[in-house]
Every structure is written in C-alpha cells, then in structure tokens.
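Hi,

Here is the structure I promised to pass on.

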Amino acid sequence: MSKRIIRKVAVLGSGVMGSRIALHFAGIGVQVLLLDIVPKEAADSTIKAQRNKIVDDSLQDALKSNPSPAYHKDVAKKVATGNFDDDLGLLSTCDWVIEVVVERLDIKRSLYEKVEAVRTPGTLITSNTSGIPIHLLSEGRSEDFRRHFCGTHFFNPPRYLRLLEVIPTPDTDPAIVDFLMQYGDLYLGKTTVLAKDTPAFIANRIGVYGIMAIFGLVDKMGLTVDEVDALTGPLIGRPKSATFRTADVVGIDTLVKVAKGVADNCPTDEQIDSFTIPAWLNKVVENNWLGDKTGQGFFKKTKGAGGEKEILTLDLATLDYRPRQKPRFASVDAARPVEDLKQRLQMLVAAPDKAGEFLRHFHYGLFSYISHRIPEISDEVYRIDDAMMAGFGWEIGAFESWDVLGVASTVEKMKAAGFRVAGWVDEMLAAGNQSFYKVQAGKRLAYDPATKTYKEIPGGQDFIILSNQSDKIVWKNNACHVYDIGDNVLGLQWNTKMGSIGGDVLAGIGKAIELAEKNYKGLVIANEGPNFSAGANVGMIFMLAIEQEYDELDFAIRMFQNTMMRVRYSSVPVVVAPHGLALGGACEMSLHADKCCPAAETYTGLVELGVGLIPGGGGTKEFVLRASDEMHEDEPETITLKNRFLTIATAKVATSAHEGFGIGVYRKGLDEVVMNQGRRVAEARRSVVELSDSGYVQPVQRKDIKVLGRNGLGALLAGIHGMEQAGYATAHDALVARKLAYVMCGGDLSEPTLVSEQYLLDLEREAFLSLCGERKSLERIQGVLKSGKPVRN
C-alpha cells in the first residue's frame with residue numbers, strides 16, 4: 001500500500017462535535033473543509049453568507065467557547081466553510097471525510113450516497129457516531145467505500161479528551177485500521193483504542209455502566225448528590241466533575257439515551273438491570289432539567305440574597321434544590337492528605353464507614369462488569385483501561401485499580417458479597433498469575449485471556465513510562481529518581497506535591513547532569529502525573545521570608561539560579577519534556593534547556609508576579625537575553641524589550657504549547673511540540689541522541705547581552721505609572737513592576753551596555769530578595785499556600 005498523506009480533511013456536520021473536530025485537525029496544521037445544511041429560510045437565496053449561516057455560526061460559537069477548542073487563535077484560518085448543497089463536490093479534493101451529522105441511520109445513509117457520488121476512490125470515510133452500529137452505516141455502498149470506511153469516535157471536547165476509538169467493520173481494509181490507529185496517535189495526539197462494533201463501543205459502555213451503578217447505590221444507600229461527587233472525583237483518581245457534575249456536562253438526556261441503548265441492544269448483559277432508569281432520573285428528564293444545556297440538572301446556579309453566585313444541589317428524594325453541603329467522612333479525612341493515589345485507594349476501600357462501604361460496592365460491581373466484557377467489547381484488558389483513562393479522564397484504569405487492591409483478595413471479598421467474576425479471571429489466578437499487569441525488564445506487560453499469557457503492550461518503545469523503569473534506577477533521593485531510559489540516555493523525574501521544585505529536586509537535577517556527563521549522551525527531564533511542575537516551592541520561600549532568614553533565602557535562590565545555569569551549560573544535552581502545568585520555576589527550567597519537547601497540552605509562563613515577586617531562577621535574565629537577540633535595526637529596541645517585560649509583568653500563561661511560542665517561552669525551529677503526551681519522553685530521548693550524535697559542544701556563558709539602561713527604564717516606568725494612575729495596577733503591583741523593569745534594563749545605566757548573564761542574575765536575585773521582605777508579597781504567597789492551588793495569572 002502506498003504511503004497515505006492527510007493534507008485536507010472534510011468534516012460533515014458543524015455541531016458541537018463537528019466544529020471542534022474541525023478545529024482540532026486545523027490545530028495540527030491540516031486544511032479543513034467544514035460543511036453543514038443550508039438553513040430552510042435560505043433555500044432560495046443565492047447569497048453565500050446566508051446559505052452558510054449554520055456552519056459559520058457554529059464555527060464562531062466554537063471559537064468563542066471556553067476552554068478553547070483551538071490551540072491558538074490562527075487555527076481558524078485553516079478552516080473553510082460551506083454547505084451540502086453547493087460545496088459537496090469539494091470532497092473530491094479531500095483525503096479524509098469525517099461524518100458528524102445527527103444520529104439517525106436514514107440521514108447518514110442518505111448523506112453517504114451523495115458523498116460517494118463525488119468522493120475520490122481511496123479517500124478515507126469515517127463516522128463519529130456513538131450509538132449506531134458501524135456495519136449498518138456502510139450497507140449498500142461500493143466495495144471501495146466499504147474498504148475505506150470505519151468508525152472514528154472522538155470524545156468531547158476533542159482537544160482535551162484524548163480518546164479516539166477506531167471501530168472497523170468486517171469489510172474495512174486492515175491497512176486502513178492500522179493507518180488510523182497510527183495517525184490518531186502520532187498526529188492527533190490521541191490514545192487510539194481498537195474497539196469492536198458493539199453497543200456504545202468501549203468507553204461509553206463501561207463509563208455509563210459505572211454511572212448507572214452509582215445511581216443504583218444512591219437509592220440503596222440513601223446517598224446525596226454532594227456525597228457521591230465527593231467520593232467519585234479526584235479522591236479516587238477521577239475528574240473533578242465526578243459523577244453528577246459529569247452528567248450535567250454531558251447532558252442527562254444523552255446519558256439516559258445511551259443507557260437505554262445498552263439495555264435495548266444488549267439483552268444478554270448480566271448487569272442489564274443496572275441500566276434501568278430510576279424513577280427520579282426519569283422525572284428529571286421530564287422536567288427538562290438536562291444539565292448545562294438547559295441551565296439546571298443535578299446542579300443549578302442562582303444568585304444569593306446579596307447578589308453573589310450560589311450553586312444549588314438537587315435533592316433526589318424531593319427533587320427540590322438546596323444549598324450545597326460539604327460531606328464529612330472519617331475515612332476521607334484520613335485519606336485525603338495521602339498523595340499516592342494507589343495507597344489512598346487502598347485506604348478508602350478498606351474503610352469501615354459509609355464511604356468505604358460505597359466504594360467497595362462500586363468497585364466490586366465495576367470489576368465484575370469489566371471482567372465479563374472480555375472478549376465481548378475487547379480482547380485485551382489494556383484497551384479497556386486505555387479507553388477509560390483517555391475518554392473519561394481516569395488517572396488509573398479499572399483493571400489497574402483491581403491490581404492495586406489485590407486481585408486474589410478482592411475476588412474473594414467480591415464473591416462473599418455476591419459479585420461474580422468471569423471465568424477467565426479465576427483461571428488466571430488458579431495458574432498463579434496474581435495481577436493483570438506486570439513490569440518485566442522495563443517493559444509493561446498485560447495479561448492476555450485468550451492465550452493465558454502476559455504480552456507486551458504495543459508501542460512500549462514510543463511510550464516510555466519512567467516509573468516502569470524501577471529496575472533501571474541509577475540514583476535517587478527523597479524526591480527524585482534517575483533512570484537509564486535506553487539509548488545511553490538518563491531520565492530524571494521527581495515526586496512532590498504539584499511537582500514543586502525544592503532543595504531535593506535541585507540536588508537531583510545537579511546529580512543527574514553530573515552522572516550524564518560521566519557516562520551518558522545526555523539527560524531527559526520529565527514527570528508523570530497530571531502536571532510537570534507548578535513551580536518553585538513557595539512554602540519554603542514563605543517560611544524563610546517570614547522568619548527573616550535572608551542569608552538562607554539568598555542561598556536558596558542562588559542554588560536555583562545555579563541549577564538552571566547547570567541545565568544550560570552542561571557538557572551534554574539536556575532536554576525538558578513538560579506537560580500540563582509548567583509554571584514559574586518549571587518555565588525557567590524550560591527556558592534554560594538545550595531543547596524542549598512540550599506536550600501540546602502544556603500550560604506555561606512566568607507567573608511570579610501573581611505572588612508579588614519577579615522570576616528569580618534565571619527567568620528574568622533569560623527574557624532579557626532573548627530580547628537582546630531579537631532587537632533589530634528596523635524596530636525600536638524599547639518595543640522588543642517592552643513586549644518581553646509585559647509577558648512577565650502580566651504573568652501571562654500560554655494555554656497550549658503552541659501559544660508557548662507566541663509568548664516567547666519556546667523557540668521556533670528548535671523546540672518541538674509533541675501531540676501525544678505519552679510520547680514526549682521518547683521524543684525527548686530521540687532529541688538528546690540527535691544533539692549528541694551531531695557533535696554537541698558545551699555552550700559558553702554569554703557576556704554580550706545588550707541592556708538599555710535609562711533609555712529603556714524611562715519608557716517602562718512611564719508605562720507603569722500610567723497603569724497605576726488609571727487604576728489598572730495597585731501600588732504594590734507597580735512596586736514589583738518597577739523592580740522588574742530595573743532588572744530587565746540592566747539597572748540604572750547611563751547608556752545601552754553589553755553585560756553578562758551573571759550580572760543579570762545578580763540583579764534578579766537582589767530584586768527577588770527585596771520583594772520577599774514586602775508585606776504584600778508575603779500576604780499573596782500565604783494566600784496561594786492556603787488555597788492549595790498553583791500561582792496563575
């Protein structure tokens with residue numbers, strides 16, 4: 001089969017899913033044609049704007065939505081719009097046609113007939129349906145159409161939910177399936193899961209069962225909406241939206257529709273009774289309380305007596321709304337401080353109180369259900385876990401959770417409680433296999449029920465999981481582990497709250513570089529978990545400042561600066577692979593790396609001004625250095641400096657790695673966005689090898705950085721004064737901004753001067769230390785510590 005290249009994609013249907021799928025493709029650089037129906041009132045019109053009103057309005061609504069479905073503002077330029085009546089012929093120029101129209105078999109089939117009349121043979125044609133059997137959609141179409149047709153089920157919102165289920169029919173060419181699995185992974189950044197053509201496929205089948213089972217436990221145990229959401233969210237590694245909030249977001253009517261679909265189409269499902277809609281849920285739908293789309297569902301936003309916003313919760317017994325209540329469970333209070341999810345889960349499920357009872361029954365039911373879904377919906381356990389993590393945002397999959405709780409002991413407890421497991425699980429245990437997953441020689445294996453053996457999970461070389469390298473630990477301390485990740489490259493990760501960077505982490509970075517310089521080609525710095533790092537340990541800074549230990553504080557800042565300079569000026573390449581939050585000190589680390597391989601979903605920026613400080617780990621220095629390199633004769637030097645100054649002064653955060661280039665954190669032509677978060681470590685390792693093999697030479701510290709002195713300082717101070725006078729900045733904001741301006745201009749120099757990096761680092765550190773003595777700065781730091789949230793703009 002010849003190499004297939006996707007240059008242009010057509011998306012048929014511009015609703016919530018269609019418009020966002022279109023923007024996701026545009027975000028990776030593909031040209032997109034987005035089509036929809038002509039409005040009835042414009043049927044006889046010849047004015048294009050009127051005939052394209054539905055598709056144009058849908059695209060604009062998507063672009064205005066929050067969170068943004070686009071990686072950056074220019075994405076929309078790659079999306080052309082049109083309608084089915086006038087523009088269907090343009091499909092002949094497309095390499096892939098994705099159908100996302102209303103969920104009706106007759107409408108989809110009618111559209112396919114028109115598509116086939118204009119489609120170029122060999123063009124991919126897929127459907128995003130979530131409820132119609134894939135094989136029914138292609139009936140009656142040509143052989144070429146059927147060979148190139150299958151289901152590609154994206155999850156909403158497609159930018160943020162990483163699951164892409166690929167569902168072939170018996171007629172689908174296996175090469176097409178392989179292509180879609182690879183393309184979705186490599187280019188779209190998706191966890192591609194091969195699913196069977198069964199009702200609700202994989203993620204929705206398991207996910208909706210889980211929600212319906214919880215609804216059953218609500219009735220059985222007399223639980224409230226607030227109690228359930230407190231127990232089924234981040235506490236057990238699930239999203240903040242937990243159960244009832246998720247239903248509101250998805251649409252309660254959609255949830256009911258999928259549940260009824262499973263009940264109607266899966267008569268042999270041993271848990272079919274779980275999909276029976278409770279009376280209170282039917283009443284909620286009858287009342288048109290469908291969630292966010294109708295303004296109320298299980299939650300309702302109102303205004304209190306004082307005009308403040310208030311969220312009310314639905315009482316399922318009375319169907320009245322009442323103020324939210326914070327549930328209290330002794331087991332939850334004991335488990336919440338435990339950072340390690342697996343340890344926390346073990347504590348919660350073993351708890352003797354009501355929360356423990358609920359979580360035991362929920363997990364026992366879930367484990368029973370997933371065991372019986374093999375081989376019905378999937379032949380492999382890891383595909384079910386992948387689908388739930390990528391589609392529903394679970395931190396660990398269901399089979400992995402079972403491993404955490406102990407498969408054999410849990411099966412014994414399940415049977416005692418009246419829950420059955422599938423026969424293959426009993427066979428697995430009887431053969432002496434005690435878990436669904438295991439790590440062997442650094443490779444992650446999953447139990448295969450068909451062959452009754454363990455098999456390596458495909459793609460292991462491309463998806464390096466650092467914690468799976470436990471047999472390849474080279475060095476460790478209380479926070480960090482350094483691994484040999486292959487290809488003569490070291491990998492460093494640390495395990496601290498929110499990935500915060502303190503003394504142990506800085507020591508770990510220094511040690512990892514030292515080890516790499518002796519025996520390896522280079523170093524990759526990356527972390528697992530939801531985020532790379534929320535920045536420096538502000539708690540340590542606060543304690544030293546409040547106790548006026550300024551010598552210790554000076555030492556800590558010097559250590560941070562020196563470590564970042566070590567990242568820049570080592571004799572081997574250091575590549576940083578951030579994801580999620582990469583703020584403050586983590587951003588400074590990225591600025592000093594030889595190369596960055598950020599995941600597409602990386603949120604980065606120098607946010608220190610949010611707590612009344614300036615970047616003190618070399619971030620301010622690095623922005624001055626880059627401003628110096630960017631100065632051109634055809635543009636006033638103060639403009640270049642001002643742009644860099646404003647990025648720090650407004651604590652600007654890029655909401656994607658692509659935006660990170662726009663705010664000057666990442667460098668065009670050098671740093672590289674990795675669409676699939678799971679590939680970032682492997683890509684960073686490849687970059688280390690490339691840099692090393694191409695003759696990497698240790699850089700020399702810069703002494704030619706142009707600073708503008710009073711010329712630049714006057715312009716910046718005038719702007720700060722204007723912002724303060726207009727009420728856009730407080731007196732303290734203005735004080736911090738003046739300190740920042742002083743550093744970025746190189747101090748009170750009489751004329752533009754060339755200075756060294758160390759000169760700027762010293763200015764930066766002095767300004768940082770002086771701000772640590774300001775009461776307002778300490779109050780802001782204390783506020784961040786109390787909130788438990790990272791510093792954001």
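This is a predicted model: local features need pLDDT of at least 70, side-chain atom pairs count only at pLDDT 80 or more; totals for chains, interfaces and linings use all residues.

Helix 23 gives the second largest pocket the largest share of its lining, 6 residues. A pocket here is an open set of points on a 1 Å grid over the protein atoms alone, where a 1.4 Å probe fits and protein lies on both sides within 12 Å along at least five of seven lines; lining residues have an atom within 4 Å of a point. Helices (H or I, at least four residues) and strands (E, at least two) are DSSP runs, numbered from the N terminus.

Residues are numbered from 1 along each chain as its sequence is written, and side-chain values use heavy atoms, with hydrogens and water left out.

Back to that pocket. Its space comes to about 680 Å³, the volume being what is filled by probe spheres set on the points, which are joined across faces, edges and corners. The lining has 38 residues, with G535, A536, N537, V538 and G539 nearest the centre. Helix 21 (503-519), helix 22 (538-546), helix 23 (550-568), helix 24 (585-592) and helix 32 (775-787) each put in at least two residues. By class, the lining splits into 22 nonpolar, 11 polar and 5 charged residues (Ala, Val, Leu, Ile, Met, Phe, Trp, Tyr, Cys and Pro are nonpolar, Asp, Glu, Lys and Arg charged, the others, Gly among them, polar).

Next, helix 18 (residues 398-405): 7 of its 8 residues are buried, so the rest of the structure largely encloses it. Buried means under 20% relative accessible area, exposed over 50%, partly exposed in between (1.4 Å probe, protein chains only). Among the buried ones are F399, E400 and W402. Just past helix 18, G406 has a positive phi of about 95°.

There's also an open, antiparallel sheet of 3 strands, ordered 9-10-11. Strand 9 (299-303) and strand 11 (320-323) are at the edges with a single partner strand each, so one side of each has no neighbour in the sheet. Strand 10 (residues 309-315) is joined to strand 11 by 4 bridges (pairing takes at least two DSSP bridges), and T313 has R322 as its bridge partner.

Finally, R7 sits in the segment before strand 1 (8-12) and is exposed, at 55% relative accessible area. Leaving aside residues up to four places away in sequence, R7 touches V30, Q31 and D95 (heavy atoms within 4.5 Å).

Cheers
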